[in-house]
Amino acid sequence: MNFIVMAAILLGVVLVIQALKRPETRREPEDYSNVKDEVLRLRERVRTLERIVTDPDEGLSRDFRKL
């Protein structure tokens with residue numbers, strides 16, 4: 001009986017080790033390129049908006065336009 005339990009545990013350990021050694025095969029989504037391009041475009045827009053919001057000269061220009 002102990003032999004069967006030990007064999008089952010050993011088999012479990014071997015299977016776990018094999019699963020951990022197996023290289024992970026990641027597949028990119030088909031639209032990965034489109035998503036990546038969109039993220040890069042949005043990052044650039046955020047940079048521009050941050051610059052506009054934090055630039056004191058831009059705030060001054062808005063104040064002049066309001067007058």
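Where in the chain is confidence lowest, and where is it highest? I looked this up before anything else. Confidence is lowest in helix H3 (residues 56-66), at a mean of 72, and highest in helix H2 (residues 32-54), at 88. The score is pLDDT, the predictor's confidence in each residue, from 0 to 100. The chain averages 80, and 88% of the residues score at least 70.

**Ground rules.** I note that this is a predicted model, in which local features need pLDDT of at least 70, side-chain atom pairs count only at pLDDT 80 or more, and totals for chains, interfaces and linings use all residues. Residues are numbered from 1 along each chain as its sequence is written, and side-chain values use heavy atoms, with hydrogens and water left out.

**Elements.** I find three helices and zero strands in the chain. Read from the N terminus, the order is α-α-α. Helices (H or I, at least four residues) and strands (E, at least two) are DSSP runs, numbered from the N terminus.

**Surface.** I looked up burial next. Of the 67 residues of the chain, 1% count as buried. Buried means under 20% relative accessible area, exposed over 50%, and partly exposed in between (1.4 Å probe, protein chains only). The chain exposes about 6,900 Å², and carbon and sulfur atoms supply 61% of that area. Areas come from the Shrake-Rupley method with a 1.4 Å probe; for residues, only the protein chains shown count as cover.

**Nonpolar patch.** I list Val5, Met6, Ile9, Val13 and Ile17 as a nonpolar patch on the surface, with about 450 Å² of accessible area together. Patches take residues with over 30% relative accessible area and no salt bridge, joining like charges within 9 Å and nonpolar side chains (Val, Leu, Ile, Met, Phe, Trp, Tyr) within 5 Å. Met6 lies in helix H1 (residues 2-21). Met6 counts as exposed because its relative accessibility is 57%.

**Salt bridges.** How many salt bridges does the structure hold? I get two. The criterion is a side-chain nitrogen of Lys or Arg within 4 Å of a carboxyl oxygen of Asp or Glu. Side chains of opposite charge can pair when their charged atoms come close.

- Glu38 and Arg41 meet through their side chains at 2.7 Å, N to O. Both lie in helix H2, three residues apart, about one turn of the helix. Glu38 is partly exposed at 35%, and Arg41 is partly exposed at 39%.
- Glu44 and Arg47 meet through their side chains at 3.0 Å, N to O. This pair also lies in helix H2, three residues apart, about one turn of the helix. Glu44 is partly exposed at 43%, and Arg47 is partly exposed at 48%.
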